[in-house]
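Hi,

Here is the model I promised to pass on.

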Amino acid sequence: MDEKYFAEKIEEKWQKKWAESGAFETEIDDTKPKFYQLEMLPYPSGNLHMGHVRNYSIGDALAWYKRLKGFNVLHPIGWDSFGQPAEDAAIKRGVNPRDWTEANIEYMRGQLQRLGLSYDWRREIFAHRPDYYKFDQWFFLKMLEMGLAYKRATQVNWCPVDQTTLSNEQASGGICWRCGSQVTKKDLEQWFFKITNYADQLLDDMAEIETGWAEKVLKRQRDWIGRSEGAFIDFALKNSGEKVRVFTTRVDTIFGANAIVLAAEHPIIEAHLADFSNETCATIEKIKADKLKVVDREDEQEKEGIPTSLTAINPFSGEEIPVWVGNYVMMEYGTGAVMSVPAHDERDFEFAKKYDLPLKTVIEPQRHRDTEDLEDEDESEIHSPQSAMTEYGVLINSGEWSGKSSEDATREMASFSQEKGFGEPAVTYRLRDWGVSRQRFWGAPIPVIYCDECGVVPVPYEQLPVELPESAPFTGVGESPLARVEEFINTTCPQCGVKARRETDTMDTFVDSCWYYFRYTDPKDAEMPFAPEVAAYWMPVDQYIGGDDHAVMHLIYTRFWTKVMRDLGLVKFDEPVNRLLTQGMVIGETFFNDSSGKRVYFPSSTVKVERDANGKIVSATDTEGKSLKYAVERMSKSKGNGVDPDEMVRIYGADAARLFVLFAAPAENELVWNEAGIEGAVRFLQRVYRFVWRWHAQLKNAPKDEPSEFSAQARKLRRKTHQTIKRITENFESLQFNTPVAALMELSNELGDFKVEPDEANECDLYAINEAVRGLVLMLTPFAPHAAEELFANLVGSDKGILKSEARFPEFREELAKADEIEIPIQINGKLRSRVLAALDTPREDLETMTLANEKVKEFINGRQIVKIIVVPNRLVNIVIKN
RNA sequence: GCCCUCGUAAUCCAAUCGGCAGAGAUAGCAGACUUAAAAUCUGUAGAGUGUGGGUUCGAAUCCCACCGGGGGCACCA
């Protein structure tokens, strides 16, 4: 053992030892409970950032904790290595996406290893390699067989100059990222997965994971799915056999309908275009054209519409109402048609106001009869209301339904419509089917073949994987790059053998991340995505950790995928993740100049910053003295506020960096990066190291058996030790990582206060100190594993390693953690006036007696009347007196 | 506009069931060690919990309103 703590030396030593001994390699073991610790896998962008460090430090701490608790822990990592940046690099710099990706992985794996993360590297997966994406394709074919994959036309962002499709990011602001021209929309045939078939399961099964997932994540998923109960109602068109079906959640307001409003794309509109006036047709065209524009969704679009020549008949009232076209009705939701009830719907109200449409109140607030003075207000409301009354209430002006409550009417009118054959109760969802086609090269090819004779033919399983060619023309313009690779597209039909063409689109990369953690359980299987019996041992994931930016997309898709796998018979459960921790972002100060309208960022190293006494920025200037604006934003290279993890490791060591990241803030909070604090982490590790250095020789002679007598000082230390064990164990179970670090620091400080020199220590001192130090080191392991290994090795005199030595997380003993005597505060009328010392668990009556005997208390009471005495054992006594 | 969250010391953060506002860290100040500095050690100060109400014997904690930060949704009928 060196006298001083050299992080780099220790970290290299133990990383090597772990790799040699396979310390973190796991296999199925029925003698131990299993624990599957999972963190979201990184995209190999080229560099690890602090967000990764945070995510993986949390996961690693839990993995270590569970190992020390005797669990068989699966802790794997891999690469989400398909995706656009690889292709962008190919377009911009002419590099091959595969080479670029492999090189990035190589580099980033080194970064992860230098952090000393305890992964089973044998299980590493790579989404971009054929042995992995083979099964993306396998699943696609299964979905096709199950009727869950289908093709239809849909709109994509399209750059008319580059002749290429754009992702939403590439089309942000409605401008092409490459050429700056106006982005339009284009119809394309695309593949979809029928996630909507599982909408109700995705909602209902939330009950199974409620306790382990943050409510805010579930809420976002619920909103995303957007289940809405209501009714379909058919409005017959006058002088025609046709009907228009609307969806409404408020059938109870149907007597107030003043119009039917249709989406511009509605089939009825298409069918009657010839009957409409030129003006109507022009407006319809305009609405359609506006929808093709990519708009920033900041400002709300103004409502626009025009009456058609059609008239609909309200099936409840028989009233004839006009049919309009409106830009605020979406073809994609419900039936693409709504009944407009301006008195009771905000949007319809706005629309009616603009076009001066009649407004009929059919719901009145439920009021008590004795509110006569509200009468005046009511009157004016009826004549010209300022807004729609959207609350539930009592029906009026609704024929035989008048007088019913909204709740009753909504239910009864829906069934009535069903009985009479002009409607039915209905449920709609906001959730849409998942479009998986991408006009990209760097993704898994969709395994279908188009044959002139046979149509769409799935690639036979034995021909999987459909491999990506080595390269493709990456011009960034034109259709999918694969469409220009002759040897890829030209094939023969598996059914009839004639010449045929392959699908040239690739799959959304969210497909890869839907099932990667199932693959970890059985990463080398060549026949199946994974063996069901192997997955059955490890799955479901016990703890998943990642950013909450994935609260909807990834986490809904993967829940969907699991249910599909269940229906395929691959797994036997509904939900893949028992517990989810969403960690907060790592953010930092940014400096920029936005005079050009766009933010131009300056790396903080080139900015001169003035701060006030509180550390708040007063001014920031660039090297030329020009003043800059500043903000606190998500860390990224492009914003110049990134912190390089390698540099952190080089300067402070991986242990200190990890310890600090966990200590700085609760895992779910945002973490404002502030380099200053990390020194404290280094200092703490050094203090612990110095203590062990000073004592390790003597501690080898510490008694193995617990002495029967302890000095007061030793008892105090043992109490602290066991209290700390208790606290830290609880903290881990409740996913707190900042407070246990503080607890370790306290225990370390307590050791520092132990005023005995090593060569003067007696048996019981040695026992107590050994117990405290060993506990401290083992509890430190999840946060700073290299330092802990080194310290542990010197305490036990063996380099075998903590795990191979079968060391366990210390267990606390309640009787040792308890204080013998505690100070009970005494309040008089809620104000602190005195304290008494009492034995732990002193009963109520005794505390009361002791309090009343207290001199100060007597003084305060001074003969005044005691109204009440509140005694909370072990907490406080409060005496209420009358003045 | 609607919904969700968070506001505690100069800063990051603690505070169990509503029970003494402070565990830990950073920065500060004083001292020891040193030729000096760094490092280290010892000691020390600092908020009444965003604001205003309410419930309670007692509120950082529960309720209401407002202010401020962060996030989500935004024509979903």
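A charge counts as sitting over a ring if NZ of Lys or CZ of Arg is within 6 Å of the ring centre and within 35 degrees of the ring normal. By that rule, Arg430 lies over the face of Trp224, 5.1 Å from the ring centre. Arg67 has its charged end over the ring of Trp64, at 5.6 Å from the centre.

Before the rest, some housekeeping: this is a predicted model, where local features need pLDDT of at least 70, side-chain atom pairs count only at pLDDT 80 or more, and totals for chains, interfaces and linings use all residues. Residues are numbered from 1 along each chain as its sequence is written, and side-chain values use heavy atoms, with hydrogens and water left out.

Now ring on ring. Rings of Phe, Tyr and Trp (its six-membered ring) pair if their centres lie within 6.5 Å; planes under 30 degrees apart are stacked, over 60 edge-to-face, and the rest tilted. That gives 54 aromatic pairs. Tyr516 and Tyr520 have ring centres 5.5 Å apart and planes at 80°, so they are edge-to-face. Tyr516 is buried (under 20% relative accessible area; exposed is over 50%, partly exposed in between, with a 1.4 Å probe and protein chains only), at 1%. Tyr520 is buried too, at 0%.

Phe710 and Tyr767 make a tilted pair, 5.9 Å centre to centre with 55° between the planes. Phe710 is in the loop between α20 (678-699) and α21 (712-733), and Tyr767 is in helix α23 (residues 763-780), so the pair links distant parts of the chain, 57 residues apart; helices are DSSP runs (H or I, at least four residues), and strands (E) need at least two, numbered from the N terminus. Phe710 is buried at 13%, and Tyr767 at 14%.

Cheers

Definitions and conventions
Chains lettered and ligands numbered in written order.
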